[in-house]
Structure formats: structure tokens, C-alpha cells
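I would like to walk through one structure with you, going from whole chains down to single residues, and I will give each cut-off as its term comes up.

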Amino acid sequence: MVPVITRRSIVVAAAFLVGMLVPVLAFAQTKGGVLRVGNLGEPPALDAHWTTASITETLTNHIYEGLYSLDASNRPIPMLAEGHTVSKDGLTYTFKLRQGIKFHNGKEMGSDDVVASLTRWGKQSIYGKALFAQVAEMRALDRYTVEFKLKEKSAIVLISLAVPNNFGAIYPKEIAEKFPPEVKVTEYVGTGPFRLAEWKPDQYIRMVRFDDYKSRGEKPNGYGGGKTAYLDEIRWIPVPEVATRVAQVETGELEFADDLNLDAYDRLKKNPHVQTIVSKPYYWLVAVFNKKEGLMTNQKLRQAWQAALDIEPIMKNVAGGHSEFYRMDSSLAPVEISTWHTKLGGLPWNERNKDKAKRLLQEAGYKREPIRFMTTQEYKWMYDFALLTKQQLEDVGFSIDLQVVDWATLVKRRNNSKEYDVFTTGMGAFYDPTHHIYLTPSWPGWTTDEGIAKLQAELARETDPKKRMALWEQQTRQFYEKVPVIRYGDLFGLRAMRTTVKGFNDKTERIRFYNVWLEK
Amino acid sequence: MAAYFVQRLLAVIPVMAVVVTVVFLLIHLIPGDPVSVMLGPDASPAQIEATRRALGLDRPLHEQLFRFYSRVVRGDLGQSYFLDRPVLTAIVERAEPTLVLTFSALLVAVAIGVPAGIVAAAHRGSAWDRLLMLGALLGVCIPGFWLSLNFIYLFAVRLGWLPAAGYTSIMVDPVAAGRYMVLPALSLGFNQSALIARISRSCMLEALHQDYVRTARAKGLSQRAVVYGHAFRNALVPVVTVVGITMAILIGGAVVTEIVFNIPGLGRLIISAILRRDYPVVQGVVLITAAAYVMINLTIDLLYAFIDPRIRYG
């Protein structure tokens with residue numbers, strides 16, 4: 001008898017297979033295990049309000065949560081908030097909080113904790129300060145409702161509450177009020193899926209699963225959505241020597257190694273027990289001009305710098321010859337921040353136009369005065385791109401005084417307009433146009449241009465997404481005309497993990513280990 | 001005797017005052033700022049200024065120096081900006097790994113260096129002598145960090161015999177502690193064994209040319225008895241002196257080894273503190289080190305006076 005395959009039998013077979021697979025998948029995500037993560041060094045603090053250091057961002061996002069988070073497209077989604085409403089005039093935001101959320105000390109989170117935490121955050125964090133400049137009043141309406149009254153319409157309320165760096169983490173009221181904004185918190189109590197168990201400086205930071213964690217019902221989504229702590233423990237081990245981090249992930253002494261040198265890529269790729277991860281976005285390389293005083297206050301000179309550059313060879317060299325680790329892009333927001341990524345033609349980026357550069361130098365009245373270009377060897381990529389830039393610029397008639405200092409000196413000196421003309425750094429992900437610090441007058445380099453400031457102010461007020469995008473495109477064109485900084489290409493980072501690590505989301509800028517489990 | 005003791009003890013005070021001042025000025029006069037490092041790359045100058053005020057770093061340097069003096073005389077070395085703990089606690093925590101590493105490396109250096117020197121001297125001019133001295137030359141020339149990284153690659157990554165890096169206290173798990181310490185001790189000790197081997201060889205050669213050795217040989221003693229029973233014991237004194245000097249060199253050399261092998265010792269503590277301008281930690285570590293040297297010198301001076309009553313101050 002010939003078996004007959006009917007539609008019904010296919011459906012039954014499919015249902016059977018799904019039925020078989022579901023428990024297998026559920027079983028695969030088993031709880032348990034210690035994940036050892038090797039990172040560059042010690043965090044300066046575990047206070048999310050207090051510092052913009054990326055290591056603090058990574059660590060604190062496992063312990064604390066904010067009212068909002070970012071989804072896979074880097075748009076705000078609720079986290080500790082249930083949701084919000086906005087009044088018709090756009091001046092009142094009312095946030096409903098989720099109920100039954102416990103802090104690590106057992107206390108239930110309520111609106112008093114939110115008000116106290118955001119008040120502190122608004123006085124210290126760069127994002128909090130920007131938001132609270134627009135807030136007239138914040139108050140608790142009841143145990144689970146918080147209201148913001150704004151001075152003017154604002155486009156940045158949700159995104160400011162959602163950014164992961166220097167973020168609006170909710171602490172218990174007692175802690176938020178005990179530590180003034182300029183003093184870092186040293187009692188670490190949050191609502192996140194992991195709680196701090198032990199911090200032994202230069203040895204490890206131990207975070208253990210918070211058993212009373214109440215996850216959101218949605219699926220994991222970017223930095224937000226449902227979070228499950230499968231791991232018993234995350235052990236963050238500072239390993240300052242990068243070659244040692246590479247060796248330790250190869251030997252299995254670490255399950256995850258962050259921030260690796262690109263020259264380890266080929267070796268790690270050959271190891272069958274290790275999976276390499278190209279982390280995007282990482283940084284776009286940037287030379288920041290001192291526009292407060294000195295030679296680079298001359299816009300023609302800045303334009304000459306921009307016209308002279310041949311960016312691709314610089315990027316290729318910085319990326320160690322690996323095309324996987326750099327991207328040529330003129331947009332001020334990386335491709336991964338899709339909402340704000342621009343595709344504008346005709347921008348004077350990567351012009352490689354020596355004649356134009358020479359003409360601009362002449363128009364600027366430049367007489368080969370040495371330009372003090374400050375960089376550091378502590379971040380090899382910074383030194384490499386500064387060195388190659390110097391060569392290209394001197395070919396068209398610039399005189400570059402490359403000053404190589406340690407990172408601590410660089411970050412100190414860049415705040416003093418008398419001490420430099422240009423410095424190197426990297427720009428990470430900014431999730432809103434108003435967050436691009438190099439377009440502000442307060443950040444080193446001091447962009448005080450009226451046209452740029454006017455558009456930034458409009459971007460902060462305008463709430464229509466289409467109009468905001470048009471403004472942002474206008475700002476991008478203005479950026480390339482006024483040249484407050486030089487945008488090079490996008491550089492990507494290298495991470496590596498053992499193949500036993502499962503569920504890791506490699507699409508976020510910084511690492512997160514909720515929803516991650518270890519294969520036995 | 002009592003007057004001498006008091007005099008010597010009082011002399012320590014100005015020495016320590018100079019050390020405290022020089023250390024304080026050195027670290028504060030080099031460029032860099034702990035607050036800019038702590039607050040991260042995106043912090044605004046206003047934020048930086050507010051935190052500098054909170055830490056008292058906006059005060060005039062002489063005022064900060066005075067506060068530092070007043071704390072030191074009370075035995076308080078201050079609070080680390082980064083580690084959230086008193087500097088003294090941080091130093092005490094880091095002392096064990098550094099001491100364990102230094103003694104292990106010394107053991108390796110002596111275990112390799114002394115026998116190599118004796119064998120080379122006993123077989124002067126032979127292939128053994130040339131081979132061992134070539135090894136010693138290599139030991140002196142090879143940079144410690146290069147050797148360390150290659151040891152990691154060979155013994156941890158390729159062969160999988162030992163862990164690549166890390167540290168466990170002997171008190172917690174002696175076996176694991178031993179496994180973690182093999183590669184660091186070998187790479188740090190190997191460099192120093194070269195120096196000990198060369199000194200041992202020349203001391204042994206000198207001893208082997210003494211009259212008493214010729215007499216011993218004339219008596220018909222075996223080569224083994226002559227070398228180990230007579231020459232070696234007499235060559236040992238300068239070797240022990242060199243081993244003492246090696247100990248001091250090892251403590252300094254441990255900095256690189258601690259970083260490569262991720263050992264949380266004093267070397268790593270001070271390097272991180274310098275890089276991030278954690279002033280209280282740098283001041284504390286240098287101060288404790290200087291105080292240790294001053295106290296050792298004082299003890300030796302006092303011992304001289306005790307051993308030889310003719311030695312008196314001034």
C-alpha cells in the first residue's frame with residue numbers, strides 16, 4: 001500500500017515536530033553556571049548617574065534599570081514604566097509605573113524612588129541635565145504614577161530616559177537622597193536581573209541572579225523587553241593586558257573577552273571553541289578642533305583639513321588591514337541607529353582634494369605655524385589615525401606638532417583651550433541628534449556656532465519625526481560646512497566568546513548577559 | 001646607647017617629611033586629572049569642576065599638602081578615588097600576591113642560577129660551560145614581557161598544562177595557587193637566574209683557584225668533594241649577597257609580570273593608580289615603600305651600634 005501524504009497529515013506531523021522541539025528548546029536554556037568576562041579594567045564607579053565611562057554603563061545595566069530602554073532599532077520602549085500619556089499641549093507627561101517591582105533589598109519600587117532618582121540624575125548626568133533643562137516640575141501623583149510638567153514642548157523626554165549610558169537608573173529613594181549628585185553612590189541596590197554580590201578591585205566583580213526579578217512579558221528586544229537571568233553568576237574580571245584576555249578565552253579561563261586587538265582576529269577565528277564577534281557600532285574616529293582660541297578657530301583651516309584627507313587608507317591601516325572592521329560613512333549617526341542615519345550626497349567628506357586644501361590654506365592666511373595635535377598611545381587606534389593624518393596633512397602644507405600623551409593627561413588638557421589645537425577621540429552611539437556632544441558649547445572643542453546651536457535647539461523642541469529628520473539632515477550639511485570636528489570612518493571592535501555561550505545578542509553596542517545561558 | 005637610639009629615631013622624621021612632600025608634589029605636578037578619567041569621556045567641564053570640588057581637588061596645592069600631612073601623622077593614608085576603600089587596606093590586600101610572586105621567582109632564580117654557575121665553573125671551557133653561559137646571556141637579554149607572553153602561548157594555549165593568568169591565595173586553595181604561580185615565577189625568575197648563574201660561576205672559579213682547593217685535590221679528594229665540599233661553601237657568600245640584591249630587583253620587575261599574568265599585586269596597583277591619577281594610592285604606596293627602606297636602614301644602623309659599641313652618632 002502506498003502511503004498517502006495528505007495536508008492533514010503534514011499539519012499533524014508539523015505539530016508533532018513543534019511539540020517535540022519546544023521542550024528541547026526550553027531545556028536548552030538551562031539556568032546555572034558562572035560566566036567569566038574579561039574586560040579592560042576597573043570601573044571608576046558603579047553609579048550610573050555619575051560617570052559616562054563605558055565600563056560603568058556595561059556593568060550597571062545589569063544591576064539597575066530605568067523607566068525606559070532601547071529596542072533593537074534603538075528606539076525607546078518601556079522598562080520600569082508600564083507606559084505613558086502626553087497631554088494635548090505636549091507639556092505634561094504622565095508615567096505609569098509597573099507594580100510589584102522589587103529592589104535587591106526587598107523594598108517595592110514606587111514613584112518616590114523614581115522622583116528621588118531622576119532628581120539626582122537630572123543634576124549629574126549629561127542626558128539628565130539636558131532633559132531637566134526642559135522640565136518645570138516632576139512629582140509623584142500616587143504610589144505608581146509620576147508626572148513631568150515641561151517648560152516647552154520637548155522631543156527628548158523618552159529617549160533621554162532610555163539611553164543606556166549615564167542613564168536614569170532607579171535607586172531606592174533612601175540611596176538617591178543619601179548621595180549628593182557629585183558624590184558617587186557606594187551602595188548598589190537596583191531592580192535589575194543581577195545584583196552585586198562582591199567587588200574585589202583588580203580581581204573581580206561578582207553579580208548573582210536576583211531571584212525576585214520580575215521580567216517584562218515581551219520577548220527580548222534590543223537592550224529591553226523580557227530579561228531572564230539564566231546564569232547563576234557573572235564574574236567580571238579586569239584583565240588589563242589584551243594579549244592575556246585573548247589567551248584566556250582560548251584556554252577557556254574566560255567565557256567572554258571584550259575589547260580585543262584586531263590583530264588577534266585571525267588567530268581566534270581558527271579556534272573551533274571560540275566565536276569572534278565584530279562589534280558595531282563601536283566608534284567613529286574623530287579629530288576635535290579647539291574653536292575657542294588658537295589656529296583652529298579659523299573655519300577655512302578646518303575646511304582645508306577636511307579637504308586634504310584620504311580617509312580609506314587611514315581606516316584600513318587602523319583596522320589592521322581587515323575590511324570587516326571599518327566602514328566608510330559620512331552620516332553622523334551610524335547605520336545601526338537607523339532612525340538618524342542619513343544618506344546625503346555631495347558632502348565634502350573624504351574629498352582627497354589636495355588642490356582645494358592648498359587653496360583653503362592660502363585663503364586662511366596660514367603660514368605653517370605648528371598645529372598642536374594631541375593624541376595617546378593608550379588607545380592604539382587613536383595614535384594610528386593621528387599619525388597617518390599628520391602625514392597626509394603635511395603633504396599639502398600643514399605643519400603638525402603631534403603631541404603624544406597618556407590618556408589621563410589628554411582628558412585633562414582638552415578642557416583647557418590654551419593647551420591644544422586638535423585632539424583625537426572616538427564617538428560612540430548617540431541615540432538622538434541632541435545627544436551629539438561635539439555639537440554643544442560645553443564639551444571640549446567648544447562648538448559655539450550660532451547656526452549649529454539654533455538647529456540643536458529646534459531639534460530639542462520639534463516633536464514631529466519627519467520634521468526632526470529634515471532638521472537633522474540640515475544639521476549634517478551645516479556640520480560639513482562649519483567643520484567643528486573631523487568625521488573619519490566607522491571603526492568596529494572585536495569580542496570573542498566560547499561556543500558554549502548561548503543567547504548572546506551581538507547587535508547591541510555594549511555587552512549584556514541577561515538572556516544568556518551556558519551550554520553544559 | 002639610649003641617646004644614640006633617640007638621635008637616630010629623630011633623624012627619621014625629616015627624612016620622612018621630605019619623602020612625603022616630594023611624593024605629593026611629584027604626582028600632583030605631572031599633568032592629568034583623576035576626575036576627568038573617572039567621569040568618562042563625555043563629561044562636561046562643569047561636571048568635572050563640581051566633582052573636583054567634592055573631592056577637594058580645587059583647593060590650592062599647599063592646602064592639599066597640609067591636609068595630606070595632617071592625615072599621614074594620624075596614620076591615615078586617605079581613601080582611594082577609584083577603589084572605594086582606604087589606601088592602607090588596598091595596600092595590605094595587594095601585598096600577599098606580590099610577596100608570593102617575588103619569593104617564588106627568587107626560588108626559581110636560585111634553583112636555576114646557582115647549579116648552572118657551579119656546573120659551568122666546574123667544567124670551565126667545556127661545551128656545558130658555553131651552553132650554560134649562552135643560556136645566561138639569553139636570560140639577561142630577553143625582555144620579561146615577551147618571555148611571559150610566549151610562556152602563556154606555549155604552556156597554556158598550545159599545551160594546556162597551566163592556566164594562562166590569574167591568582168588564588170595560598171590560604172584559599174594551595175594547589176590552584178601553585179598552578180597559577182608556575183608561569184609567572186618562571187618568567188620572572190628566569191631573567192634573574194642569568195645574573196645569579198654568572199656571579200656563581202665567577203665566584204666558583206675564584207674559589208677553585210685557591211690554595212686550599214689545590215691542597216684538597218693533592219689529598220686525593222674526588223672532584224665532587226672538592227667542588228661541593230670546599231669550593232662551593234666558600235663561593236656562597238658573594239652569591240648570597242647577589243641573591244639579596246636580586247630580591248629587590250624582583251620586586252621592581254614584578255610590575256610587568258603582574259600585569260601580563262593578571263596578578264592583583266602592588267605593582268599592578270601602582271601602575272593603575274598612576275595611569276588614572278589615583279593620587280592617594282600613588283602617595284600611599286610610595287610612602288609605605290620609602291618608610292620600609294628608612295626603617296630597614298635605621299634597624300641596620302641600630303644593629304651596628306649594638307654589635308660594635310664603638311659606633312656612635314656624630
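This is a predicted model: local features need pLDDT of at least 70, side-chain atom pairs count only at pLDDT 80 or more; totals for chains, interfaces and linings use all residues.

In chain A, if we take contacts (heavy atoms within 4.5 Å) between residues at least 6 apart in sequence, 72% of them join residues at least 24 apart. For chain B, the share of such contacts that join residues at least 24 apart is 72%.

Residues are numbered from 1 along each chain as its sequence is written, chains are lettered from A and ligands numbered from 1 in the order in which they are written, and side-chain values use heavy atoms, with hydrogens and water left out.

Let me stay with chain A. Its secondary structure comes to 15 helices and 21 strands, where helices (H or I, at least four residues) and strands (E, at least two) are DSSP runs numbered from the N terminus. The C-alpha trace of chain A spans about 85 × 60 × 55 Å along its principal axes. Of its 520 residues, 60% are buried, a term that stands for under 20% relative accessible area, with exposed meaning over 50% and partly exposed in between (1.4 Å probe, protein chains only).

How does chain B look in the corresponding terms? Chain B has 12 helices and zero strands, and its radius of gyration is 25 Å, whereas a compact globule of 314 residues would have one near 20 Å. Its C-alpha trace spans about 85 × 65 × 35 Å along the principal axes, and 46% of the 314 residues count as buried.

Turning to surfaces, the accessible area (Shrake-Rupley method, 1.4 Å probe; for residues, only the protein chains shown count as cover) of chain A is about 20700 Å², with 52% belonging to carbon and sulfur atoms. For chain B the accessible surface is about 15800 Å², and carbon and sulfur atoms account for 70% of that.

For charges, Lys and Arg count as positive and Asp and Glu as negative, with His and the chain ends not counted, and each charge is placed at NZ of Lys, CZ of Arg, CG of Asp or CD of Glu. In chain A, the mean positions of the 71 positive and 63 negative charges are 3 Å apart, while in chain B those of the 25 positive and 17 negative charges are 11 Å apart.

Next, the interior. A nonpolar core here is a set of buried Ala, Val, Leu, Ile, Met, Phe, Trp, Tyr and Cys residues joined through side-chain atoms within 4.5 Å. The largest such core has 206 residues, of which L67(A), W305(A), F398(A), Y488(A) and F513(A) touch the most other members. A second, separate core of 42 residues includes A247(A), C203(B), L205(B) and A235(B).

Now some backbone details that I would inspect by eye. Most residues other than glycine have a negative phi, and most peptide bonds are trans. The bond from K280(A) to P281(A), however, is cis, with omega near -10 degrees, and P281(A) lies in strand β14, residues 274-289 of chain A. V483(A), not a glycine, has a positive phi of about 50 degrees; this residue is in the loop between α15 (465-482) and β19 (485-498), and V483(A) is buried, with a relative accessible area of 0%. In chain B, R277(B) has a phi near 55 degrees, is found in the loop between α11 (266-275) and α12 (279-307), and is buried at 3% relative accessible area.

Finally, which residues does N415(A) touch, not counting residues up to four places away in sequence? They are P444(A), W446(A), S36(B), P45(B) and I48(B). N415(A) lies in the loop between α13 (407-413) and β18 (422-427) of chain A, and at 23% relative accessibility it counts as partly exposed.

Technical notes
The radius of gyration is taken over C-alpha atoms; the globule rule is 2.2 Å times the number of residues to the power 0.38.
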